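I opened the notebook for aromatic contacts and surface patches. The entries follow the order in which I looked things up.

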Amino acid sequence: MTATSPRPRLPFSGWHLLLAPLALLFAVPLLWLLVSSVMSNAEINRFPPALWPSRLDLGGYRYVLGNAMFPRWFANSLIVSLVAVVSNLVFGALGGYAFARMRFGGSRVVLGLMLATMAIPFQLTMIPTFLVMKRLGLIDTLGALIVPSLVTPFAVFLLRQFFLSLPRELEEAAWIDGCSRLRVLFLVVLPLSRPALATVAVLTFLTTWNDLTWPLIAINHDTQYTLQLGLTTFQGQHHTKWSAVMAGNVITVLPVLLAFLGAQKSFIQSITSSGLKG
């Protein structure tokens, strides 16, 4: 009786045969954005469209970087995004820990109402938000972009779910040593929650950095424009500098892409572990 030879195994998962073509498909728009950013306007507007530039044309990048307002727009977007990230990490951690470990009257109701707000589209809340910002005197300032983004229900919920997956014994040991709840949170819980914190930071940065609708409503003066809003000035009613639009979008996408790639491992770890407990 002869022993059967072992079946040959692929050096990679069979799912890669499906996921690799899908990844390439999703990468096509980014590749086209990069290629068209080094084309001339004539090549971009040509029909049928050119799939590859006849020569590298950096006129779009020179136009964007030579715009006197572009550094200001970049700085505005960076300020708004970083403040939103820090505030969501702080307030999201405080709120998430309260819902995960503290029991108070109506906590489940408040949590349910908070999660219900995630189902409300922004189109229904932008007018009340605008009126509130107007009463506060923040319209046409960066404050109008920062205040509505200080904390989001998603940040509170994701951190709460992650906190629930952590063993209580670690916190109880700290309480025995005399730590208060805040010290337990900042010295014990948060150092163990880096994957969840990285996920909240990346998603908040991505959402705030790419936001166009709210800045379009709340900002009027070009000195307060964010990067996304400033790029719309390259598109006119009768003529659009497509090479500049593409070059500006490449510069805009780079920070988000680098942030996501840097936190990809933590992002996956957080999503898989935050659903362990309800």
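For surface patches I took residues with over 30% relative accessible area and no salt bridge, and joined nonpolar side chains within 5 Å. The model I worked on is predicted.

**Nonpolar patch**

H4 and helix H10 (181-192) each supply at least two residues.

I then checked one member, leucine 94. Leucine 94 sits in helix H4. Its relative accessibility is 33%, so I noted leucine 94 as partly exposed.

**Positive patch**

Next I looked at charge. Arg103, Arg108, Arg168 and Arg181 form a positive surface patch. Arginine 108 belongs to helix H5 (residues 107-116). Is arginine 108 buried or exposed? I read 67% relative accessibility, so arginine 108 counts as exposed.

**Aromatic pairs**

I turned to the rings. A pair of aromatic rings is described by the distance of the centres and the angle of the planes. I counted pairs with ring centres within 6.5 Å. That gave 5 aromatic pairs.

I took tryptophan 73 and tyrosine 225 as one entry. Their ring centres are 6.2 Å apart and their planes stand at 35°, so I logged the pair as tilted. This pair links distant parts of the chain, 152 residues apart. Tryptophan 73 is in helix H4 (residues 70-101). Tyrosine 225 is in the loop between helix H12 (213-218) and helix H13 (227-231). I checked accessibility for both. Tryptophan 73 is at 3% relative accessibility and counts as buried. Tyrosine 225 is buried too, with a relative accessible area of 16%.

Another entry is phenylalanine 122 with tryptophan 214. How far apart are the ring centres of phenylalanine 122 and tryptophan 214? I read 6.0 Å, with the planes at 85°, so the pair is edge-to-face. This pair also links distant parts of the chain, 92 residues apart. Phenylalanine 122 lies in helix H6 (residues 122-135), and tryptophan 214 lies in helix H12. Tryptophan 214 is buried, at 5% relative accessible area. Phenylalanine 122 is partly exposed, at 33% relative accessibility.

Last, I noted a cluster. Ring pairs join Phe74, Phe205 and Trp209 into it.

Terms used: Residues are numbered from 1 along each chain as its sequence is written. This is a predicted model: local features need pLDDT of at least 70, side-chain atom pairs count only at pLDDT 80 or more; totals for chains, interfaces and linings use all residues. Side-chain values use heavy atoms; hydrogens and water are left out. Rings of Phe, Tyr and Trp (its six-membered ring) pair if their centres lie within 6.5 Å; planes under 30 degrees apart count as stacked, over 60 as edge-to-face and the rest as tilted. Helices (H or I, at least four residues) and strands (E, at least two) are DSSP runs, numbered from the N terminus. Buried means under 20% relative accessible area, exposed over 50%, partly exposed in between (1.4 Å probe, protein chains only). Patches are made of residues with over 30% relative accessible area and no salt bridge: like charges are joined within 9 Å, nonpolar side chains (Val, Leu, Ile, Met, Phe, Trp, Tyr) within 5 Å. Accessible areas come from the Shrake-Rupley method with a 1.4 Å probe; for residues, only the protein chains shown count as cover. A salt bridge is a side-chain nitrogen of Lys or Arg within 4 Å of a carboxyl oxygen of Asp or Glu. Lys and Arg count as positive and Asp and Glu as negative; His and the chain ends are not counted. The place of a charge is taken as NZ of Lys, CZ of Arg, CG of Asp or CD of Glu.
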